Amino acid sequence: MEQLVKLYQESHLGKRLPAYDGRKSLYTAGPLPFASKEFKIKLVDEEDGPGGPRREREFKVVIKFAARADLHHLGMFLQGRQTDAPQEALQVLDIVLRELPTSRYSPVGRSFYSPDLGRRHPLGEGLESWRGFYQSIRPTQMGLSLNIDMSSTAFIEPLPVIDFVTQLLNRDVSARPLSDADRVKIKKALRGVKVEVTHRGNMRRKYRIFGLTSQATRELAFPVDERGSMKSVVEYFRETYGFVIQRTQWPCLQVGNTQRPNYLPMEVCKIVEGQRYSKRLNERQITELLKVTCQRPNERESDILRTVCHNAYAEDPYAKEFGIKISDKLAQVEARVLPPPWLKYHDSGREKDCLPQVGQWNMMNKRMVNGGTVNCWIGINFARNVQESAAHNFFYELAQMCTTSGMAFNPESVLPVLNARPDQVERVLKARYHDVMTKLQPYGKELDLLIVILPDNNGSLYGDLKRICETDLGIVSQCCLQKHVYKVSKQYLANVALKINVKVGGRNTVLIDAISRRIPLVSDQPTIIFGADVTHHHPGEDSSPSIAAVVASQDWPEVTKYAGLVCAQAHRQELIQDLYKTWQDPVKGIVHGGMIKELLVSFRRVTGQKPLRIIFYRDGVSEGQFYQVLLYELDAIRKACASLEPTYQPTVTFVVVQKRHHTRLFANNHHDRYSVDKSGNILPGTVVDSKICHPTEFDFYLCSHAGIKGTSRPAHYHVLWDENKFTADGLQSLTNNLCYTYARCTRSVSIVPPAYYAHLAAFRARFYMEPETSDSGSMTSGGAGARSSRVPMGTAVRPLPQLRDNVKRVMFYC
């Protein structure tokens, strides 16, 4: 298309400069002088085939009039006189503004990267990070806005292949021959990578690698004529190019096509610049990448954005052609800071209540508002390096901390601490459970808690343990890593105590406004707050099921305890299938069930009331799916309510929570202590609901947490349905206040806790799937084990093993 415009813009295209979407659409700022025309374009292949000159290929391009994109409706929408966003018009403008950066930089998804946009940063093993920027056009209350956000991603360093391999293996490669494991690692890393040859002067021909030879270079030969005469690679390079191959014991790269492979010695190849690395990074590389991306938000960050914007669009011929002007000033918006809520702790502590400062507080002098009870517990140590005495001491210290924090915690375990082997987790857990229940059952007692010490790198052990405990034995468990056992820090033990308390049914803290019934549209009548999320496997995992999780508050008026349910559903299915379902029972006939009904019934059982109001926070939905999700899931909520009683119709507020967006908020003055925290970020409680929000709908940005590292990302809340008639202030302050009730830490969190808990529960349920048999596509997370369940496309999804009743009533996922 570039060549076509270069050749025919003046003569055939009526001097128009078209914008091409890379697929089958071409847009111009006015009509072309024809309805349909065919062009022939010749291009020389930049990649070489085996031997011979480069191929010249002819392409046929047909341009024919298809439709006019109407910008009139876009104007109507921006003025609030039309409700549906005209997607096509927005798409056209998006494509126009992507033309110049696409030709100038390396496009990746919706972002553009270049070594000229900031310093390259080595990530190790032959990779480096490039800076770039994300770009999209958004309709806002100010009109059309260009959303730009800085980002970084991994590229393969443009190194000589020998240097790349040296970095990849992290050793002097001339010292000893390559092992089979080395070869596999090199082959994996270089497959699909484009290289150019360096042994032919200025003739830098390019090839794509598809493999590695199994023999060394000195053993390789190929036929040179029809009679089948063979010539060695070493001899061929010496005679043809006067090049003496040094590393004859190394394999050659196989390039070209698989039918007629072309052999290239590694030492004559250099990696072509600008190739994005799309495989998964290892822990060290992720750490290095985070060093680059986690910059303090300051004037420099906003200056970079301004410069990028100016450079990218100042002389943009496409924008000019289509009459688009872009300001090089960042949008200025008004914000306000919501106050933190007062939190209630137990009256027996020295501090009975607490007002968080800049989004954080601590447990000193405080006791949990409702301490749970742990009468019967056992400890198991799976870490070989932890001696029995150290494990015993750790369990004792933890029991003491739980007691100090306000729990009724028996310092003595039911059975002595057991040292066990990680590879026998199932056998150990079942045998130990049998032993402990043999001892407790005659007294009519239950096991309240299992505490486990795990090795720091524990593979699939964590996931196996959670699956067995939660779906098979019906025990809540608390895992602790070996690195915390010897260095018993009070801070760590206090955090573990918070998690244990909610797992055994306690409450850590509650909002004072909740107890004194002062929360508008929550305290006046029984209200249930739901959180829902769907997690999908990594891209490239083409068939593993998605996991949906729903949690719901089980206490009113406090709204701090959340029961959780999980289910598997079709691969990458975003709508939650099991919110409401019916099935035919041979005895009862049609049975109504699903996650909503089960959680409503549970709420009524615990509180003695049925909820008259529902607030539903839904995480993980992209803008394109808002109304599809709303229609399907609101309908499921309605049907679940009607299945309990035909006239039961609680009022519903449905809010989508988004963290994966590219809007960043910077303080106007980075030195003003009334608008920034210690990390230079905007203060927790900062809310923006004008100018950059939707032209007509109810949405707002809320930064509810204190920044720790990097630039804080505010959460975006979009209200899709509201029968409770919340005011903007009412929903914003409810959402902000709830962020201070997250059970796992003494900080306010960045998204509302029910949505956060649903995310944790969905992630936990990954471990309940059947173990993976092949070694492909495993999921790793925070040291937790890798497992995934792959199903052929189109097959019914195997349901997850059921959570045991006593587990799903408490916050097991914390």
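This note sets out points on a pocket and on selected backbone and loop features of a predicted model.

1. The second largest pocket. This pocket holds about 1400 Å³ of space. Its lining comprises 46 residues, and those closest to the centre are Lys329, Leu330, Ala331, Gln332 and Ile692.

2. Elements of the lining. Two or more residues each are given to the lining of the second largest pocket by the helices α3 (87-104) and α8 (299-313) and by the strands β8 (127-140), β9 (143-156) and β34 (686-688). Of the contributing elements, α8 gives the most, with six residues.

3. Sorted by class, the residues that line the second largest pocket are 25 nonpolar, twelve polar and nine charged.

4. Lys691. Most residues other than glycine have a negative phi. Lys691 is not a glycine, yet its phi is positive, at about 60°. The residue lies in the loop that runs between β34 and β35 (698-703); β34 is also one of the elements that give two or more residues to the lining of the second largest pocket. Lys691 counts as partly exposed because its relative accessible area, 29%, falls between the limits of 20% and 50%.

5. Val358. A positive phi is found here too, at about 45°, and Val358 is likewise not a glycine. Its position is in the loop between β19 (353-354) and β20 (373-374). With a relative accessible area of 43%, Val358 is partly exposed.

6. Trp556 and Pro557. Most peptide bonds are trans. The bond that joins Trp556 and Pro557, however, is cis, with an omega of about 15°. Pro557 belongs to the loop between β28 (546-553) and β29 (562-569).

7. Ala67. This residue is placed in the loop between β4 (56-64) and α2 (72-78). Its relative accessible area is 54%, so Ala67 passes the 50% limit and is classed as exposed. Ala67 and Tyr27 are separated by 40 residues in sequence, while their C-alpha atoms are 9.7 Å apart in space.

Terms used. Residues numbered from 1 in each chain as written. Predicted model: local features only at pLDDT ≥ 70, side-chain atom pairs only at ≥ 80, totals over all residues. Heavy atoms only, no water. 1 Å grid on protein atoms, 1.4 Å probe; cavity = no way out; pocket = protein on both sides within 12 Å on 5 of 7 lines; lining within 4 Å. Points joined across faces, edges and corners; volume = space filled by probe spheres on them. Helix = DSSP H or I, 4+ residues; strand = E, 2+ residues; numbered from the N terminus. Nonpolar A, V, L, I, M, F, W, Y, C, P; charged D, E, K, R; others polar. Buried < 20%, exposed > 50% of the residue type's maximum accessible area, 1.4 Å probe, protein only.
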